[in-house]
Amino acid sequence: MENPDQADILFQQGRFSDAIKLYTQELETNQKKKDEEESFIKNKRIGICFFKIDHFQEAHKYLNKALELAFNLSKVDTSYISELIEIKILMAEITAERGEYDRAMAKLDDINKIIESDQSLNAHLSAKLLYSYGTLHYRLGKYKKAAEYFEKGLEILEKNPIDCEEDFVDFNLSAGLVYTILSEFPKALRYIETAFDFILRK
């Protein structure tokens, strides 16, 4: 029999399809108990899993439900405002995956206004937003602009390094890829080597 943490272990291992099965079972239990907090967590995790395996329609469905739950929970616990913003960033990325770049950019700009207006939000949200801006500009073929966003995000992470190893890897690999395309190979190599250093430390 699976232990209660097995879904999270599968998630951390990148076994997203297997994690979905367990999270879905747990979600059914949470819904029967009318446990909004746990239902939020499971909907968010399932949405992220579907996003990771490129099932964007399903990802949108679960993330949208997580968004509704986070909105309700934020009325009594303001820490859920950060969760709301993180999900909105993911949903903007899904919009970009569908090729709706103008809509995705508009969504990111709206999120940016929220983050800029609330100094209490953690720095990692700003970094995540910059990563999304970077990937969107990469899709648009604006590689120098993409590199700027990745580097700005890395500056934030370097000042706030707690629990962000995975983000460091993503930012460095993405910056390395962009600089490879721009034929700036010494920079590309530096970022890629940094990413692999983080991977080897795990």
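Predicted model: local features only at pLDDT ≥ 70, side-chain atom pairs only at ≥ 80, totals over all residues.

Modeller: Residues are numbered from 1 along each chain as its sequence is written, and side-chain values use heavy atoms, with hydrogens and water left out.

Biologist: At what angle do helices α9 and α10 pack?

Modeller: Two packed helices are described by the angle between their axes and the distance between the axes. Here α9 (residues 165-181) and α10 (residues 185-201) pack at about 155°, with axes 8 Å apart. Helices are DSSP runs (H or I, at least four residues), numbered from the N terminus. Axes are lines fitted to C-alpha atoms over the stretch in contact, and angles run from 0 to 180 degrees between N-to-C directions. The two helices are therefore roughly antiparallel, a term for angles over 145 degrees.

Biologist: Is the crossing of α9 and α10 left-handed or right-handed?

Modeller: The crossing is left-handed, meaning that the near helix is turned anticlockwise from the far one by less than a right angle. By class, the contact of α9 with α10 has 13 nonpolar, 4 polar and 2 charged residues. Ala, Val, Leu, Ile, Met, Phe, Trp, Tyr, Cys and Pro count as nonpolar, Asp, Glu, Lys and Arg as charged, and the others, Gly among them, as polar.

Biologist: At what angle do α3 and α4 pack?

Modeller: Helix α3 (residues 36-52) and helix α4 (residues 56-74) pack at about 155°, with their axes 8 Å apart. That makes α3 roughly antiparallel to α4.

Biologist: Which residues of the largest nonpolar core touch the most other members?

Modeller: In soluble globular proteins, nonpolar side chains tend to be buried together. A nonpolar core is a set of buried Ala, Val, Leu, Ile, Met, Phe, Trp, Tyr and Cys residues joined through side-chain atoms within 4.5 Å. Of the 30 residues in the largest one, Phe11, Tyr23, Phe40, Ile46, Cys49 and Ile87 touch the most other members. Its largest share, 9 residues, comes from α4.

Biologist: Is Leu125 buried or exposed?

Modeller: Leu125 is buried, with a relative accessible area of 3%; buried means under 20% (1.4 Å probe, protein chains only). Leu125 lies in helix α7 (residues 123-139). Not counting residues up to four places away in sequence, Leu125 touches Ser82, Ile85, Glu86, Ile89 and Ile115, where contact means heavy atoms within 4.5 Å.

Terms used: Parallel < 35°, antiparallel > 145°, perpendicular 65-115°, else oblique. Buried < 20%, exposed > 50% of the residue type's maximum accessible area, 1.4 Å probe, protein only.
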